[in-house]
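Here are my notes for a first look at this one. Have the sequence and the model open side by side, and take the points in order.

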Amino acid sequence: SARRRDLRSHLWLCRPTRLRPLVLMSLLLWLALGLVACQSGSIGAHQADCAQCHSQQAEDFAASQLSQSATSPLFVALLAETEAVHGETSAALCESCHAPTVGHEEGLSCASCHAAVGNRVAENGELVHDLSGPVRGPTGSAPGAPHDTLAGVFANSSALCGTCHDVAGPAGFEESPYAHWLEAPTQQAQDPQGCADCHMAQGHRFEGLWSPGASELLASAVRLELERDGDALQVTVHNDNPGHPLPDGASYLRRLSVNVDGHAPIWLSTRLQREGEAVYSPNLADAQLRGSVPPLGSRSWTVSAPQPARVCVVFQAIEPALLEHLELDPALAGPEVEVLCESG
């Protein structure tokens, strides 16, 4: 009968074919790996339950922009455009950082960082994970924890952050904050600062140019110096951050500029071009124009400005022209914030 034929089709593994041993071996190997990953002390056995004990960290992470890496309207729209312009392989490259799958968790999760043991290369999300091992963290000390712990060197390193924040992608998707950090003056210090020293000062909220605290983070690093000679005003921007240029990373998505009364903005954030003309989507760019200030360095301009002139460092979270290009809500750009102002 049809029912018996359906039953036989579901029992095809029992047929005496030459493929049966290979199939059964594959299934046994898959089951064995699953059992290893789910050993009672492993991170794989506990990755769904992190928030039960680490409620504050989970709450902070949920409030961070990083938790929305795969769902933010900007990412979703750029991902669709990337696939349309550059193909599925390039889109998959975006997802390797924004929407990775580690164990049974899709998207960034605790295991994305705390199961990471190294990388294949320090860019493009090439992390290596081990779900069968302990939870790796800053101290490796967790008395009474239901899982094993380890103070892993990689878990405490800036290389973990850099593996996703350094990007070598198509068109205008070029970001190198980790490479810049490796070359920065902070590396010459006796106790060099790492990514977490600044960007995890608020714990698992991960402060950056995408976060609500962006203006405060910028204000802690930037200084303005004005010198006047008649109508000639020299404007100098100092970057007191020893770790990397100001700004860095995906600053082509942002607006950071020095605004002088009566003058066009002086751009610090990266501007995108295609064949010499301004564009706003990295998918369409063939060149980046960087205006950032080197770590512990400065940039100066001289403008004609009658006294008194008001000079401000101005920040906006997302470039409004990019939102217009992607047909997204203009409100996502956020307000223009005056990070620092001087008169001279």
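1. A definition to start with: two strands count as paired if DSSP finds at least two bridges between them. Helices (H or I, at least four residues) and strands (E, at least two) are DSSP runs, numbered from the N terminus. With that in hand, look at the open sheet of three strands, ordered E9-E10-E16, where the pairing is antiparallel. Strand E9 (222–229) and strand E16 (298–304) are at the edges with a single partner strand each, so one side of each has no neighbour in the sheet. From one strand to the next the twist averages 20 degrees (axes are lines fitted to C-alpha atoms, and angles run from 0 to 180 degrees between N-to-C directions).

2. Some housekeeping. Residues are numbered from 1 along each chain as its sequence is written, and this is a predicted model, in which local features need pLDDT of at least 70 and side-chain atom pairs count only at pLDDT 80 or more, while totals for chains, interfaces and linings use all residues. Side-chain values use heavy atoms, with hydrogens and water left out.

3. The overall picture: the protein has twelve helices and 18 strands. Of its 344 residues, 39% are buried (buried means under 20% relative accessible area, exposed over 50%, partly exposed in between, with a 1.4 Å probe and protein chains only). Among contacts with a separation of 6 or more, 60% are between residues 24 or more positions apart; contact here means heavy atoms within 4.5 Å.

4. E9 and strand E10 (residues 232–239) are antiparallel partners over eight bridges. Leu224 sits opposite Val237 in E10, Arg228 has Leu233 as its bridge partner, and Asp229 has Ala232. The hairpin of these two strands has two residues between them, and Gly230 there takes a positive phi near 70 degrees. On to the other pairing: E10 and E16 are joined over seven bridges, again antiparallel, with Ser298 in E16 as the bridge partner of His238.

5. Is E10 enclosed or open to the outside? Six of its eight residues are buried, so E10 is largely enclosed by the rest of the structure.

6. Now find Ala309, in the loop between E16 and strand E17 (310–316). Ala309 counts as buried because its relative accessible area is 3%. Which residues does Ala309 contact, leaving aside neighbours within four places in sequence? They are Arg228, Leu233, Asp261, Glu342, Ser343 and Gly344. Two of these, Arg228 and Leu233, are the bridge partners already mentioned in point 4.

7. Two peptide bonds deserve a look. Leu246 and Pro247 are joined by a cis bond with omega about -10 degrees, and Pro247 is in the loop between E10 and strand E11 (255–260). The bond from Gln307 to Pro308 is also cis, with omega near -15 degrees; Pro308 is in the loop between E16 and E17.

8. Check two backbone angles as well. Most residues other than glycine have a negative phi, and most peptide bonds are trans. Asn124 has a positive phi near 55 degrees, and Phe206 has one of about 50 degrees. Asn124 is in the loop between E3 and E4 and is buried, at 14% relative accessible area. Phe206, in the loop between H10 and helix H11 (214–219), is buried too, at 16%.

9. Next, helix H8 (residues 158–165), where Ser158, Ala159, Leu160, Gly162 and Thr163 are buried. The buried residues of H8 pack against several elements, including helix H6 (88–98), strand E3 (116–119) and helix H9 (177–183). Val121, in the loop between E3 and E4, touches Glu126 and Thr163, not counting residues up to four places away in sequence. Val121 and Thr163 are 42 residues apart along the chain, and their C-alpha atoms are separated by 7.1 Å. Val121 is partly exposed, at 39% relative accessibility.
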